[in-house]
Amino acid sequence: MKRRTAEPFKIKSVETLSMLSFEERKKSLARAGYNTFLIDSEDVYIDLLTDSGTTAMSDAQWGALMTGDEAYAGSKSWKKLESAVRDVYGFQFVLPTHQGRGAENILSQLKIKQGDYVPGNMYFTTTRAHQEMNGATFVDIIIDEAHDPSIEHPFKGNVDLTKLQKLINEVGADNIPYVCLAVTVNLAGGQPVSMQNMKDVYALCTSHGIDVMLDATRCVENAFFIKEREAGHANRSIAAILKEMMSYSDGCTMSGKKDCLVNIGGFLAMNDEDLYIRSRELVVVYEGMPSYGGMAGRDMEAMAIGIREAVDDHYIEHRIGQVRHLGQQLIDAGIPVVKPIGGHAVFLNARAFLPHLRQEEFPAQALAAALYLDSGVRSMERGIISAGRDIATGKHNTPKLELVRLTIPRRVYTNNHMDVVVDSILTLYEKRDAICGLHMDYEPPTLRFFNARFSPLSGSGELFS
């Protein structure tokens, strides 16, 4: 019999949660235009909107806040953060940013010219936005299995090397500034990339003079899956696996709000000194001095500690285990989810959950709204709305994956909270035929999923027909 384990931490402080009535949630949802991003936090019971910046920090991190050096230049706290990144990730040069998209902005401006192509293992919203705003076209080179939520594949984040080579042949290596390799792949369901695939991608790109830049936001989770699933890594530490992963790249963008276990911050790291010098100048323009880059000294202190805490094997084992605790119950109950369960979230397959709704009726958005209405659990859409519009035709991008993301913050909730989420989803599944689609009443021009507003398509104006 496999023995059960508990959280590798004990609770020192608690925060009271809101438990609104059905009618109160109904009013809150209507005020938000049926967009879960626009619901007030105080109206949410269990918040699975994102794992970005929602981490519960450790006692060591909270204590370190008091030692933050808030000097405008040459901060001691920056030196600690720089040292942690070099030690744990192995990159020579590091620049702090206010969060991950600050690093994406700088990298895109410096590396991309008009007409370039940036291949990647599935897009991410802000990353692609920065690439397109600087004149590039994103090209998806992920393996085909990643677009099928029902397929069990250990590394659905892998790059299809044939697709990558074909793109190089078609557009030329000079028109590919870098390959954007996400580890793990968020929109594929938190799916990992194998060590061998990283090694092969790096070798192919190096042979053509193309850089590989990692989106390393959830790289520790990726390292866990390599340890668990890939031959030759079972007896290695997460720290050792992670450092090898980073060695098969030329640099990375990092949102510290995920695997660095803090509430704000990020960095851009690389091994190219020339790129570092040029990036440093843009950090001054967009972020702040290169010794704080949009972060307070106390935030850098906390991130330096979080980077090291994140590679603790017991921590990451519990982290992935809690996501699986939620996901496996849904699988056992026959709920359609992306398989295998990923690292940071469980993704409901809204196409299969609400087959009576056309994609243009926004089934994932409707399901996320219904989940909040039923139980006060906040999730988010990852489908046609997140995919935006084609910049050339103006038509909706129509991804094969139409998903609702149940994103679990790090060290925040217990498994009992996950059980409440399961019960709500099971209730919705029983009455899924009654959930109606949505009409988009307001559509922002960029990253529309953040601020779009909707209304139910039912004649009664109710979400449930």
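The views below all come from a predicted model.

View 1. Zoom in on Leu164: leaving aside residues up to four places away in sequence, Leu164 touches Pro119, Ile141, Val159, Val179, Val201, Leu204 and Cys205.

**View 2. Helix H3 against helix H11.** H3 spans residues 76-89 and H11 spans residues 297-309. Their axes come within 8 Å and cross at roughly 20°, which means that H3 is roughly parallel to H11. From H3, the contact takes in Ser77, Trp78, Lys80, Leu81, Ser83, Ala84, Val85, Asp87, Val88 and Tyr89. H11 brings Gly297, Met300, Glu301, Met303, Ala304, Ile307 and Arg308. Sorted by type, the contact residues are 10 nonpolar, 3 polar and 4 charged. As for its hand, the crossing of H3 and H11 is left-handed.

**View 3. Helix H3 against helix H9.** Here H3 meets H9 (residues 238-247) at an angle of about 90°, and the axes sit 8 Å apart. That makes H3 roughly perpendicular to H9. Arg86, Asp87, Val88 and Tyr89 of H3 make the contact with Leu242, Lys243 and Met246 of H9. By type, that's 4 nonpolar, no polar and 3 charged residues.

Conventions:
Residues are numbered from 1 along each chain as its sequence is written. This is a predicted model: local features need pLDDT of at least 70, side-chain atom pairs count only at pLDDT 80 or more; totals for chains, interfaces and linings use all residues. Side-chain values use heavy atoms; hydrogens and water are left out. Contact means heavy atoms within 4.5 Å. Axes are lines fitted to C-alpha atoms, for helices over the stretch in contact, and angles run from 0 to 180 degrees between N-to-C directions. Helices (H or I, at least four residues) and strands (E, at least two) are DSSP runs, numbered from the N terminus. Angles under 35 degrees count as roughly parallel, over 145 as roughly antiparallel, 65 to 115 as roughly perpendicular and the rest as oblique. A crossing is left-handed if the near helix is turned anticlockwise from the far one by less than a right angle, and right-handed if clockwise. Ala, Val, Leu, Ile, Met, Phe, Trp, Tyr, Cys and Pro count as nonpolar, Asp, Glu, Lys and Arg as charged, and the others, Gly among them, as polar.
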